[in-house]
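Subject: Structure for you to look at

Dear colleague,

I am handing over the structure we talked about, and I would be glad if you opened it beside this message. Please look through it once by yourself before you read my notes.

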Amino acid sequence: MRPGGCVIAGFGLPSGDGALPGPDVLSGSDVLPVLPALRELLPGGLQRGSVVATGNWSLLCLALAAGASIAGSWCAITGLPDLGMMAAADAGLDPGRLLLIADPGDGWPQVAASLLDGCELVLLRPPTRPSAQVRRRLEAVARRHGGVLVVAGDWDGAHCRLAVARQEWTGIEAGHGRLRARLVQVIADGRGAAARSRARWLWLPGPDGAVAVAAAGIGETDEAIPSWRGMSTG
Amino acid sequence: MSSARGAPQRVLAVWCPDWPPDAPDAGPEARAFEQVITVVAEFCPRVEVVRPGMCAIGARGPARYFGGEEALARKITDAVTALGIDCQAGIADGLFAARLAARVPASAGSPGVMAPPGVMAPPGVIVAPGRTPAFLAPYPVSVLDIPEFAGLLPRLGIWTLGDFARLPAAEAANRFGAPGERAHRLSRGLDPRPLTPRPPPADLSVQIEFDPPAEQSEPVVFAAKALAGRMHAGLAARGLACVRVQVQATYEDGQDLTRLWRHDGLLSALAVAERVRWQLDSWRAGQDARDGGPGAGDPAEASLVGGITRLRMIPDQLVRDEGRQLGLWGDAVISDRVARAATRVQTMLGHEAVMRPMLAGGRDPAEQVTLAPFGDSRPPLLPAGRPWPGRIPAPAPATVYPVPRPARVTDDSGTAVTVTGRAVVSAPPVRLSADGGPWLAITAWAGPWPVNERWWAAASGRRRARFQLVTEDENAWLAAVQDGQWLIEASYD
């Protein structure tokens, strides 16, 4: 591989359309890559050593972890005994590079710290509301090992916060059809460079199971279902 | 013990029918079989484990000591049966015939077999010396366990080992190559290889005493490194490696703290010492938690609760050292960093707490994944990549409840919605209350999709009718009706 051939994330990435040629997943030394559909919400990717909070457990957490897993990172998921593994695999997480710790128990901060030592991305649903001391300690561990902590819950002082503001399922009616795709509006804000709040419409998941950028949101067009047919990720 | 090639030694095989024939060499079955091996080793320390459920010893010496082959076979079966394990023993020339002799059922007779004397003839037979070819002759060629021969030989009119043995040896080798020659030797009652018993493991454990007892964990960990080095040297001198190593720390009050660590011949002395440190730390953390004390797991104040008087390392499941066994945990290469983190969490929470998922087949969202503890390999419960008619269509739910949660679904008038045996819904579902939660209006629904699994088995069979429901808060649920009860199986978070 030619050293000049790869795209370094975070440098010169246009935040508007993101239509860069190159690999689907960007790679870089101080960021973990994210799925192409999330690039506008997280310009550059997931900053190593940072904490990303998502408010609630949802498929969005898995989508956040998928980019790093596709790029070859080990991921750990802890505190989620009812994780749907098929959904994780469909979102792009590689089961071969995944550790599941369903019930970390009362010592969950210790477990999360140990996992951050070995895995580049740790998805955590804290069983209890973390104290300020626990938060500071885990933030320090993430910084030291250069890992990313994705929290399915609230985390005061998270570097980046994502939340699903609205969602709508398509393909299912009263008594017929089936769940096919979900249109969600994701809002991202954070600290520092990521302070500007951004909102994007995503297919989570899309009709083909993948996470993709939606062309239009709920109410913005009344042809919601056909819109994914001609959709492009750019 | 030594015998010329071609004149096979007398072999006694012990067969325990409780173990499935395809039990893996490492795993819970192999560990459970250890107790049988221990008992058999009382009679002859050099036991070869053929597979979990079957082991063999050279019979000549022990038979002389214990008063004859029948007496030896009876004593061994009695001793194993005393453990509460079903067991049969057979003696013949060579391992191959002995394995078959051990599996002869109680009432069967075979030509050329000297039935063991006694009122109650135990299962398994003793084939008199020199009669092994006659004993083998009536067996079908499929017992050779060479798949291509099992189909090929009968088509050539060779149905039994006797037929095969009557072929000239050179022709068998010409026509079927090396496996044919080997099979021909087996059919004639000759052994293709001598018994390779495992050496007695007792003398390979190492230990160190602490006098006065070590109050701090640091000197214990330091001594553990030297101890592990000694254990590795002892193993290497015999060309062996251990699958696991048992670390046993004895405290002043006589309490033993024992833990098994997966080794696979891959751990350095330093790595073993590190595991000893984790073991001591986790024990102390557990002690603190029980006492209600704070500061669980802060390595700075590493004082032990009571001093350690002895540290012992026992290599477990000795295997021949064949170099590094890579890919033991599956295809993905596991870096030291990940393995260390996973093992560290296993120290805190137990072996089964850190799981690696594997995608499997099945219809349920919960069935479609098999979990294996980190460090173990386990085949998927249901094969993936096959059509599973009736499986839930994509997208897959992000939350799958390990135990389905009870729910209530009513129609417009407030009566519970039911599904008939012919999958007809009594009325459109209108409201849902999941797990005693608030009532939510159902805005869209699909179903019922009947699932009638394993109807032939009363215990594991079940009939369900599945629905997808979307409630007013735009949450989607995977629900099912079983025996008139609504269950939430998963939710599309």
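Predicted model: local features only at pLDDT ≥ 70, side-chain atom pairs only at ≥ 80, totals over all residues.

Chain A has 234 residues, of which 51% count as buried, and its secondary structure consists of 4 helices and 11 strands. If you take the contacts in chain A between residues at least 6 apart in sequence, 60% of them join residues at least 24 apart. Chain B has 493 residues, and buried residues make up 36% of them, while its secondary structure comes to 11 helices and 16 strands. For chain B, residues 24 or more positions apart account for 57% of the contacts with a separation of 6 or more.

Where the chains touch

Between the two chains, 47 residues of chain B are in contact with 43 residues of chain A. On the side of chain B that touches chain A, at least two residues each are supplied by α11, β9 (355–359), β10 (369–373), β11 (399–410), β13 (440–453), β14 (462–471) and β16 (485–492). Of these, α11(B) gives the most, with 9 residues. Sorted by class, this side of chain B has 35 nonpolar, 5 polar and 7 charged residues.

One pair of helices

Helix α3 of chain A (residues 108–118) packs against helix α11 of chain B (residues 336–349) at an angle of about 165 degrees, and their axes are 7 Å apart. Because angles over 145 degrees count as roughly antiparallel, α3(A) and α11(B) are therefore roughly antiparallel to each other. Their crossing is right-handed. On the α3(A) side the contact is made by Q110(A), V111(A), S114(A), L115(A), D117(A) and G118(A), and on the α11(B) side by R337(B), V338(B), R340(B), A341(B), A342(B), R344(B), V345(B), M348(B) and L349(B). By class, the residues in this contact of α3(A) with α11(B) divide into 8 nonpolar, 3 polar and 4 charged.

How well covered is α3(A)? This helix is mostly covered, since 10 of its 11 residues are buried. The buried ones are W108(A), P109(A), Q110(A), V111(A), A112(A), A113(A), S114(A), L115(A), L116(A) and G118(A). What covers them includes, from chain A, the strands β4 (75–78), β5 (98–101), β6 (121–124) and β7 (148–151) and the helix α4 (132–145), and, from chain B, the helix α11.

As background, nonpolar side chains in soluble globular proteins tend to be buried together. In this model the largest nonpolar core has 118 residues, and those with the most contacts inside it are V52(A), L62(A), A63(A), A65(A), C75(A), C119(A) and A479(B). Helix α1 of chain A (residues 59–70) provides the largest share of this core, with 9 residues. Apart from this core lies another one, of 50 residues, among them A98(B), A101(B), F164(B) and A183(B). To come back to A479(B), and leaving aside its neighbours within four places in sequence, you will find that A479(B) is in contact with A407(B), V409(B), F467(B), L469(B), W486(B), L487(B), I488(B) and E489(B).

Details of the backbone

The peptide bond from A394(B) to P395(B) is cis, with omega near 0 degrees, and P395(B) sits in the loop between β10 and β11 of chain B. The peptide bond from G447(B) to P448(B) is also cis, with omega near -5 degrees, and P448(B) lies in strand β13 of chain B.

A423(B), although it is not a glycine, has a positive phi of about 60 degrees, and its place is in the loop between β11 and β12 (431–434) of chain B. Is A423(B) exposed or partly exposed? With 13 C-beta neighbours inside 10 Å, A423(B) counts as partly exposed. D483(B) is a residue other than glycine with a positive phi, near 50 degrees, and D483(B) is found in the loop between β15 (476–482) and β16 of chain B. Because D483(B) has 8 C-beta neighbours inside 10 Å, D483(B) counts as exposed.

With best wishes

Note on methods:
Residues numbered from 1 in each chain as written. Chains lettered and ligands numbered in written order. Axes fitted to C-alpha atoms, helices over the stretch in contact; angles between N-to-C directions. Parallel < 35°, antiparallel > 145°, perpendicular 65-115°, else oblique. Left-handed = near helix turned anticlockwise from the far one by under 90°. Contact = placed C-beta atoms within 7 Å. Nonpolar A, V, L, I, M, F, W, Y, C, P; charged D, E, K, R; others polar. Buried ≥ 20, exposed ≤ 12 C-beta atoms within 10 Å, placed from the backbone. Core = buried A, V, L, I, M, F, W, Y, C linked by C-beta atoms within 7 Å.
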